Structure formats: structure tokens, C-alpha cells
Amino acid sequence: MIKSIIKMTHSLFGGGGVEGDNVAGNKHHLDSNHLSQQHTGSGDNVAGSKYQLQDLMPDDLKEISIEVYSDIGRGDIHSAKTRINTVESTGRLGKESHPYLQALKLISGLTDHSEAETIHPKISRALADSASPKIKDVFLASLIRVRLILKDEEGAIHAYKSEKDAGFLSRCQYLEFLASKDELKGTGTEPAGSDVEVLATIRGLLRVDEFSAALKLAGKAKNIYADHDFEVVYFQALCKQISVDLNDRAFWFVEKRLKDQILVLCNNIHKLIVKSEGRDKRLFNIAVPILSYSASASQELSDICWKYVDKWQEDFPEFSALLYATENKDYSYLEGDIKQNFLLSENESKRSELKKKVLSSDVLDVVDVLLALDHLDSSVVDKLIGKEISIDNGDESIEKFVNLLLFSASSGEYRLRNKKDIPDLIQDFYDSGGDFKQINPFLVIKLTRNLHRHELYSEVCKILEDPLALEDPWLSPVMREYLIALYNSSQYSSFHKLISDLHNDAQDSSFYWSLKSHYQANKGEFDKALNSIDQAICLEPNATQFLLQKARVLLSLGKGIGEFLDSIDISVISIDDDDSIQLLAMMYHFVNFSKVEEVVVGLFLRDPIRSSKVVSGLHLGFSMSNKTAEQFVPTSRNVGDAVVGLAFNKGNKSSKAIVVEGEKYPSNQYVIKASSDLAEKLMALSEGSMDKSGVEDLTLHSKIPPYVAAFQISCEIRQEMNDGSDAFFMLQVPEGGDELVAFMEDNLRRLSPRRSEEVFADPNIPLLMKGNALNSQGVCKSALELFVDPSISKMILPVESPGQESLEYIADVYTIIYVCLTGLAKSFCRQNIQYTEETKRLLKEFRGTITSPEYMTLGLSDSGHLVRTLGEDIERDFKDFIPPHSRGG
């Protein structure tokens, strides 16, 4: 629920969810209009232990007044109103009791504006006719309240000050609703007098915005009187004071001190709501603004507010509408763009309409652009950028921000083209008066994540370092993005200081422990890295990204990898989870194959078509490893629920399928239930025999191990579905001889990548870009191919004498391979030149691969004939490049 609320209240509409306030989240505060001092609290406000109002009531109102104040004391205003309405509707009161009933309603805060005009003259008359000082006090207090309802504050003050000896009850009304700041301060800083008078003073201080004084007095009074009303008014004062300290900042940008105060406040308000069984409306007037401000940071408070949503939804219709939408999928309470956002997430036709709208317009408003970014794919973004659409909002800084956000969301295909424009777009935002502290933090996160994709980590750091409270940090979602940016931009000193400062706040964060483990592994502290990632796994045992991270740490340590992978619950492996598939790929190398084949066959049976790439890719990757044939022995039958694979003909159609037991997997053309007629007939046949009992003849060609069948069928599916976007091709190879050689030459010619000669002949295009174009996966191979190919133009960099001699130089893979090829290796090694551990590892692995006895490549000569290159050929031909003492790794 929280995630959905967060998305809706902030991803589009800032703190308030109001149209036009969709980017600038300006409503960064806790208090709300509903924290007014219009009393809806307990009877102690008007009748404390020293002054029992019910004793002044006529006999026919004594019982009802006690019940009303009992209801109000529990915060149950609805029941109090119901009791009074019942008395009024039955007409059982005597005429002389009517003014007292009106006074009871007024002082209890149960009179609305529609009644006030009628009641006012009656209360004035009752006051004039009062003989007893206490009775006069009751009606003077009532007169003050009715004039306040009629917005006649001056009249209320005049009524109070006209009485020489205003009573205790009237004084409480005056302190709460009318007294000036100086008058309230004059009452002192210690709780003095009755509990009722202290409550009135605290509420008065809140009314005149003396939040600090109100909080101090309420804190002391709460400990003395130990009453529900004092707890409520204390939390009202605390909420007001926190709101001042927030200084109009978003929750994720505030100090840890304030975050902790807000969460403690959430916890205490939750307890009071539970205790009062949701009857005290004042508590929701605190709770709901907190949830709205903090993006539902407290799950407990959010849940209890949803439980009692009918108690407060009239006062907070937008937030309640979001809860109905996220909890019940009831969108009827939503309006405008928020409703559109929900509908877009579920309705393809709505998304099509939005796509048509944005692509056919030259000018778009901010909401349409944000909706497009949330619900349409990046190809639409690329088209909008290409069209150079205008964004209309009326606020230049917001228009600049949304344009920046749009460019940052471009697809990978256009990333390089648009990446160079992004720093200028950030500056345009600043130049227009923009301030990221005023931007909705959810949109700031969206922007920073997009910039991570562009590898603009330094820009992310600059954007976030000012809004974040780095002097007192906590692990907010924005802080996470900042940490990632610091780490990826190699600002390790700042990263280390910050992650150390966050330690106490982040003990329960798996993200924190995972990131700390990455940092420790990067420093070579693998034992520490292992301890940290274990902490993350303790918090989220089935999170595959953490399991994969631990596996990589264990690989670096060179111990325990097999046992760890074997201990993983295979239920976490899913086609839709890339991390789990990487874990499965590791299992091929370190876990008994019987476990691997059970997982792979299970993936296939769940969804043969969707799993075809994964199943075929995993096995092809495994087959290219150095595993021996003995380590790969598929089980012939009974792998999990899979009985056996079958290759057969049904009529003239050739098919393959796997027979399964039970009902776990759905039947389809590739999965046949063992209980089906087709399976029973095929299983009864021996290989090569035929069943002619049905409409179509059945011929069983072979029974195949389930794993092999899953792989073969996956390859066939992948081949059939390939629209040209998949680099996978399945070829039927001739048995041998000249026909095989001709076949290989033809297919190598077809499959050889066609490179743009204009790019490789252009001396102004950097070497690294050309190398990446040659081979994006193997940097050593691409560097070697680049330097030995005479047709590729190499840029000659001008050599300039440095203004100051460097302490040391660091060489990359390209430099080292170039030096070796030019015969300068020995003199190069005598210089003060360093290289990173990663560079050393890449070169060592590459050398080991190309000189391995198992290494072989096939290619074409300049004349177009088949050429085979073995590891021993490379050792012989490049003996000067690979010295004898270093061969073999």
C-alpha cells in the first residue's frame, strides 16, 4: 500500500496532490488546517475536577450532560452529537432547560454555524437573566463561543471584558480562543491552577503560534495530569513545533533528528488511536497530514488510519481517495489527473490514447509529460525529444526541470547522443531560478536514477549534496541515490565518511549492508565484505541480488562457493529475475548437476516459450566452459515432475514434448500430462515403433532425458521466434568433408559483423569508441584487434610536457597491449607506471584464455577461406608478445 500511496501523492502531484502542483512539492509541513483550536476534546475543557458543569444543569439535563462529556472525553464527538440530537428531537425538555441545552452544545463544541444565528439572542437573554454567578459564567462562556462561531471576535472579547467578575469557565474560553500573546505569556511557564485552565492556556498558545512555549507547558502538564486530553494537546504542540523546524523541506531532506521525532510521533499517535478505538477525531487530524507529508513512513499508523477511514475521510478527501484506490482498487473517489494515473497503470487503451495525444502535440503540459514518463516506453520519450516539443506550465524553472527529466529518460539507443546535453540542461534549470530542494523528491529520485543510467554520477552528487542534511544524515531513499553516486564516481573518502555516519540509523537496511559489502570488496577486504552481505541476507533471506553478491564475494575469497550455492532454496529462481538466473549460471559450475537440471527443467515446464532464451542460453554458456563430459550427465528419466522427453510424429508433424506427472504444470504443445491419452500411447511404444489406433498415426522416434529435451525444444522455439533481434541462430551442420568446410565458410561470411568503414577510417573518432564497436565484451581482444588491423585509423595524440611532474602514472589495457606490440615492454616496466588490479586480472585472464590447449577460433582468411586458430598457434606466432615464463597464466 505504502508504495502506491508514495507514487500517487508525490510522483505526480507533490505534497498536496493539487493540479498545477505536480512538480514543485511545496507543501512540506506537518500541520494542517484541522489542527485548529475549535474544541472537540473532553469535558475537562469546561468542567474539570474543581468545576463540574453538570452540577449547574437542570435536573432533566444532568444525566445527558454527564454522558455527553464522557463521550467527548473519549474523543467520540459523533456519539455526543447523537445524544443531544435525540434529546432535541423527542421534545422532552422543559422550556426553561432549552438555553442550558444550547449552552451545553456550545461549550462542548457541538454547535455549527447554521444554528448560531438562532441561538445567539437566546444565549444573550439567558445571560442577562442569570442571577447566580456560576450560571452567569455558563452563559457568558456560551456567548463567547456563539460569537466566535459567527466570526464576531471583537464582540466575544467585548462580552468577556464587560463582565467585572468573569467566572472560571468564561476565563478558560477567553484564554483558549481570544487572549493575546502577551496575556497568555503572562500566565507563566509552569502548570498552575486547574487542569482545565492549563489546557485552555496551551491551546491559546498554539492559536497564537507560540509553539515552543505551548510544547514546554504541555510536556510538563502531561506528566502532572496524566490525562488523554493532555496527551493529545502535547502531540498537537509537538507536531506544530516539528513543522516549524522542517522549514518547508521535504521529509527525505530533513535531519535524522527530525525524522526520528516524526516516527516517534507516529508511534504515539498510533497508540492513542488504538486506545480510543478511533473515536478521537483530533488524532486523525494529526496522523493524516503526517502520513501525507512523510509518504506513509509509518506502516502501523497508515494501517490504523485505513481501518478508521470513515472517521476522517470528509476532512481529507484526497488522501482517503488514495487509500480506497490502493487498498480496494476503488477509483470512484479519485479525481482528475490522479485518477488518470491509476487508470493508465491498468488500461492499455488509456495508454494508447495518451501516446497518441503526446505524439500528435507540439506543446504539452507538465502533467502529460510526467504521465508519459511513468506509463509509456522510452521510444516515445526519444520521439518527444526528437520533435523538440515545448513544455507549458507558466513556471520556467518547472518547465526546465521537466525537460531535463525528459532527456534523462531517453532510451539506450540515444543515450550517448543525449548524455552530452544533460549537464547544460541542469545548468539551464539553475539559471531559471530552479532549486532541487523545491522539486518533488520523488521526481528528484526519478531524475537521479536516469542519470545513473547515463553514468553521470558526479552530476547526481552535485544535485543532491545541497538538499540533503549531510551533517545529520539518515538513510532516506534520496540518500541511497547519493551514496550510489558517490561510490560510482569513486569519491571513496566522502563515501566512507557518510556510510560510517549512517551506521546507527541503517542497521535494519539490507541496502546499507549490501552497499557496504561492495565498498569493502572493492578495497579487497573480502572477509569484511562477506560479513556485511551476510547482514543483508539476514534481513532479506530470499533477495537474489544479495545472494548473488555473496556468491561473488565467495568467488573472490576462493572458498565456500559450492556449499553456499547448494544451500540456496531453488524456489527463489525465476525467469523474471536476472539475478536469480545468474545464480543458476554459477550453479552449473559449482553444484551437482542433478540440482541444476531440476531447476532448469522446472523453469521450462512453467513457461516453455518465455523460458526458451534462458534455458538455451544457460546451457550454451555452460558448454563453452572447461567442464568435462563426466560432470554433465543428464538424468534419463524422472527429473522433478518431468518423466521423460519424447521426440515423435503425430501424423506428418514432427514434435518434441516432455511428459509430466501431476497438475503442477499447465499442458501445452511442449508439456504433456502423463495421464493424457497421447502420453499413454507414446510411453507404451518402443523407439521406432508406431501406434495406428487413433485418427492420426503416432511414431515414437526417441525418448530423451528431460533436460536435453528442454534444451532442444528451447532452441527450436528461439529459432522460430527470432525476428532478427536475437543473435541466436540454430544451424544444421553437414556431417563432414568438403561440404562441411564450404558450409562453415558460407555461414561465417553471413554472420560476420558488418562494420562501418567510415567510422573506423575516421582519425577523429577516439580509439576506445572504435574498440568498443569491435568487441564490447572483451576489452583485451578489442584492443589487440584494433592495433593489429592496418585498415583502422588510429588517432595520434599530441604529446605535451606536463606543467608539473606527476607522482605516478596509471596504464590501462589499451596502453599495455600497445606497448607490448611495439616492443617497448621492458623499458616501459622500468618507468614509474602503475596499473590497477582489475587491469591485471583482465590481461591475465585474456592471456590464459588464448594460450589454453582448449582454445580455438574459426574465421575467414582475406581470400575467404576457413582459418582455424588454436592456443598453440598463438603461443608460436606471438612468442615475443607472450614471454615463455608467463605462458599458461
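**Aromatic pairs and burial**

Author: Tyr 333 is partly exposed, because its relative accessible area is 38%; buried means under 20%, exposed over 50% and partly exposed in between, with a 1.4 Å probe and protein chains only. The model is predicted: local features need pLDDT of at least 70, side-chain atom pairs count only at pLDDT 80 or more, and totals for chains, interfaces and linings use all residues. Residues are numbered from 1 along each chain as its sequence is written, and side-chain values use heavy atoms, with hydrogens and water left out.

Reader: How many aromatic pairs does the rule count?

Author: A pair of aromatic rings is described by the distance of the centres and the angle of the planes. Rings of Phe, Tyr and Trp (its six-membered ring) pair if their centres lie within 6.5 Å; planes under 30 degrees apart count as stacked, over 60 as edge-to-face and the rest as tilted. The count here is 28 aromatic pairs. One of them, Trp 312 with Phe 319, is tilted, at 6.2 Å centre to centre and 45 degrees between the planes. Trp 312 is buried at a relative accessible area of 1%, and Phe 319 is buried at 6%.

Reader: Why is the pair of Tyr 324 and Tyr 333 classed as it is?

Author: That pair is stacked because the ring centres of Tyr 324 and Tyr 333 are 4.3 Å apart and the planes lie at 20 degrees. Tyr 324 is buried, with a relative accessible area of 12%.

Reader: Which residues form one aromatic cluster?

Author: Phe 401, Phe 429, Tyr 430 and Phe 436 do.
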